[in-house]
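The sequence and structure come first.

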Amino acid sequence: MTFALNITTAAEKAATARAALQADLANIRWQAEAGGVALPNGTNIPTDQQTRVSLTGAVNSLDSGMMTEPVAWKFPGGWQDLTAAEINAAAAAVVAHVQACFEAERAVEAQIAGLTDAEVAAFDAQAAFDAALAGQGA
């Protein structure tokens with residue numbers, strides 16, 4: 001009878017932990033990306049895929065004359081009638097928020113790649129992402 005030893009090296013453990021950090025980071029970014037953003041007037045707007053598609057459609061429809069203002073828009077806090085300028089501002093805020101989330105994820109991925117094997121286990125992806133996002137003024 002023979003027995004095979006399955007020994008995991010420290011480098012393999014660190015590589016597995018690094019991959020887990022990157023997977024966690026992608027989820028952290030997705031949560032932030034879809035978590036919404038406050039407009040300049042203080043109204044919160046979702047930033048999920050459906051809202052982004054709806055805003056893009058509204059901008060395009062207004063630009064092509066297929067829709068006229070005011071545009072009835074349902075926010076989490078209730079209905080608002082929006083002008084074309086407000087729709088464009090909302091779309092711009094959502095796009096900027098989503099882009100900032102991706103930029104923060106990329107910055108933290110670079111941090112993770114630069115960690116030594118010994119540093120991987122103690123790295124806080126959430127804190128690093130929050131700092132990167134805040135550093136962009138988001």
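## Arg29 and its partners

With which residue does Arg29 form a salt bridge, and how far apart are the closest N and O atoms? The partner is Glu33, and the closest N and O atoms are 2.4 Å apart. A salt bridge here is a side-chain nitrogen of Lys or Arg within 4 Å of a carboxyl oxygen of Asp or Glu. The model is predicted, with local features needing pLDDT of at least 70 and side-chain atom pairs counting only at pLDDT 80 or more, while totals for chains, interfaces and linings use all residues. Residues are numbered from 1 along each chain as its sequence is written, and side-chain values use heavy atoms, with hydrogens and water left out.

Arg29 and Glu33 are four residues apart in helix H1, a separation of about one helical turn. Helices are DSSP runs (H or I, at least four residues) numbered from the N terminus. The relative accessible area of Arg29 is 12%, which is buried, and Glu33, at 5%, is buried as well. Buried means under 20% relative accessible area, exposed over 50%, and partly exposed in between (1.4 Å probe, protein chains only).

Arg29 also meets Glu105 in a salt bridge, at 2.7 Å from N to O. Glu105 lies in helix H3 (residues 84-113) and Arg29 in H1, so this pair ties together parts that are 76 residues apart in sequence. Both Arg29 and Glu105 are buried. Through shared partners, salt bridges join Arg29, Glu33, Arg52 and Glu105 into one network.

## Asp117 and Arg18

The structure holds four salt bridges. One of them is between the side chains of Asp117 and Arg18 (3.1 Å, N to O). Asp117 is in helix H4 (residues 117-120) and Arg18 in helix H1 (residues 10-34), so the pair links parts 99 residues apart in sequence. Asp117 is partly exposed, at 43% relative accessible area, whereas Arg18 is buried, at 17%.

## Packing of H3 and H5

The axes of H3 and helix H5 (residues 125-135) come within 8 Å and cross at roughly 130°. Axes are lines fitted to C-alpha atoms, for helices over the stretch in contact, and angles run from 0 to 180 degrees between N-to-C directions. H3 and H5 are therefore oblique to each other; angles under 35 degrees count as roughly parallel, over 145 as roughly antiparallel, 65 to 115 as roughly perpendicular and the rest as oblique.

Contact (heavy atoms within 4.5 Å) involves residues including Ala104, Glu105 and Val108 of H3 and Phe129 and Leu133 of H5.

How values were computed: Helices (H or I, at least four residues) and strands (E, at least two) are DSSP runs, numbered from the N terminus.
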